[in-house]
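The following exercises are to be worked through with the sequence and the model at hand. Each task is followed by a solution in steps.

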Amino acid sequence: MEIGIVGLPFSGKTTLFSTLTGLDVSMSHSGKLETHRGIAWVPDSRLDKLTELVKPKKQVNTSIEYIEVGGLETHEGKGKGFDPQFLAVLKTTDALCLVVQAFQDETVPHPEGSNDPLRDIHSVESEFILSDLAIVENRLLKLEKQIMQRKDEEDIRDRDMLTKFKEILENEKPLRELQLPEDEAIRIRGFQFLSAKPLLVVVNYEEADISREAEILEQLKMIADKPKVAVTGLCAKIELEISQLDDDDQQIFLEDLKIEQPAFHKLIQKSYDLQGLISFFTMSEKECHAWAIPQGTNAQRAAGTIHSDMERGFIRAEVVHFDDFASSGGLAGCREKGTLRLEGKDYILKDGDIMQVRFNV
Ligand SMILES: Nc1nc2c(ncn2[C@@H]2O[C@H](COP(=O)(O)OP(=O)(O)OP(=O)(O)O)[C@@H](O)[C@H]2O)c(=O)[nH]1
Ligand SMILES: [Mg+2]
C-alpha cells in the first residue's frame, strides 16, 4: 500500500513525511528533484491489547509506504506544473495525501503570498486533472486511428469510456467522483489516473490553532463530503516533535495539548480507511499480527495475504471477533461462550476479526 505525499512548496511535506516514517531526510534534501520513501506502522489499539493478553515474542502492525515528491513549481516560461518525474512516481501509488499550508510563519512565506487551503487544493487538483486529460486525449487519438482501420469491440468500449472521462475532465472534475460500472472500474485502474485516486487532504495549521481544528476543517466540508476524499488537520511541526519522544514523554506532551492521540496517528488511520481497508489479526506464541484486506474479502482470499499456501490449501478458519476475545480474556472463554466458531471459505471477514486458518497443501 503506497501513498504519495504532494503539495505546494513549503507546505510541510517533508516535516509530515519525517513524522510518519521516523526518517530524518532534512539533511539529504540536496535538490528539489528528490523523492523520499519510508514506512509508517498503522497504530491499532486492539493489536496492542492482543499483545498484552497473548504475550507473544513479537507484534507486527500493518504498514503503509509514504512517498514524498517535490512541490508544485512555477517553471519560468512554462507555467506551473509538477515535474513529469514526480507525476510518474505518483501514478503508481494507491492514494494521494495533499498537504496544504495553513500555518503562519514569517520565515516560511506561502508561495502564493497568502494562506488559502481551498485555492491550494484546487490548484493541485487541477494539475492532476490536466495530467489525466493529456493521457485521455492521447489514447483517444490512437484508438480512433485503430478503429478506422479495424473495428475492434474492445477498442470501441475503451473509446466510449475515455470519451466520457474526457468530458468530466474538461469540466474540471476529478475522475474519482464518477460512479463507474464494475467493468469500467477495473479498466480505469490500468490508466493510473491521478484524479481517480482517493485523496486525503492534510491541513497543516499553526500550533495555536490545535484547539480550533473543528472550525478550520468546517471550512473544507464541501471537499470532505466528496466521494473518496477525506480531510484531516495537524500541526506538522508539533507532530514531528511528538513523534521523536519516547512513550512516557509523549503521553505527558499529549496531556498538555489536551489530545488523546497524536494527530498523525489519526492521519495514518484515515489513509487506511480511505482505501476501504480493514484489519484482521492472527496470533500465536511467536507473534500477534495485523493484516490489511479490502472490505468484503472472504476468508480464503484473506488467508492468501498471510501465505499463498493457506489460500490454496484452505480448509476452514477459526474466527472470533477481537471484542469477544478481549471481553472473555482468552480463547478458553470464547469457546465457553460460543463466540469462537468455524467458518468456511466464503465467510466475509469483519474489521477486528481474529482468524486461525486450517489448511492442507
Ligand atoms: N510554523 C510552522 N512551520 C512549519 C510547520 N510545518 C512545517 N513548517 C516549516 O516550514 C518549512 C517547510 O517545511 P517542509 O516540511 O520542508 O515543507 P515541504 O513541503 O517539504 O517543502 P519543499 O519540499 O521545499 O517543497 C520548514 O522550515 C518547516 O519547519 C508548521 O506546522 N508550523
Ligand atoms: Mg520537502
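A residue counts as buried under 20% relative accessible area, as exposed over 50% and as partly exposed in between (1.4 Å probe, protein chains only). This is a predicted model, in which local features need pLDDT of at least 70 and side-chain atom pairs count only at pLDDT 80 or more, while totals for chains, interfaces and linings use all residues. Residues are numbered from 1 along each chain as its sequence is written, chains are lettered from A and ligands numbered from 1 in the order in which they are written, and side-chain values use heavy atoms, with hydrogens and water left out.

**Exercise 1.** Determine whether Phe-281 and Phe-322 are buried or exposed, and classify their ring pair.

*Solution.* Step 1: both Phe-281 and Phe-322 are buried. Step 2: rings of Phe, Tyr and Trp (its six-membered ring) pair if their centres lie within 6.5 Å; planes under 30 degrees apart are stacked, over 60 edge-to-face and the rest tilted. By this rule there are three aromatic pairs. In one of them, Phe-191 and Phe-193 are stacked, at 5.2 Å centre to centre and 5 degrees between the planes. Phe-281 and Phe-322 form an edge-to-face pair, with 6.4 Å centre to centre and 65 degrees between the planes. Step 3: Phe-281 belongs to strand β10 (residues 277-283) and Phe-322 to helix α14 (residues 322-328), so the pair ties together parts that are 41 residues apart in sequence. Helices (H or I, at least four residues) and strands (E, at least two) are DSSP runs, numbered from the N terminus.

**Exercise 2.** Which residues do ring pairs link into a cluster?

*Solution.* Step 1: the cluster consists of Phe-165, Phe-191 and Phe-193. Step 2: Phe-191 counts as buried because its relative accessibility is 16%; Phe-193 is buried as well, at 2%.

**Exercise 3.** Describe the surroundings of Thr-51.

*Solution.* Step 1: Thr-51 is located in helix α2 (residues 45-54). Step 2: its relative accessibility is 18%, so Thr-51 counts as buried. Step 3: contact means heavy atoms within 4.5 Å. Apart from neighbours within four places in sequence, Thr-51 touches Pro-56, Gln-59 and Cys-288 in this sense of contact. Step 4: Thr-51 and Cys-288 are separated by 237 residues in sequence, yet their C-alpha atoms are 6.1 Å apart in space.
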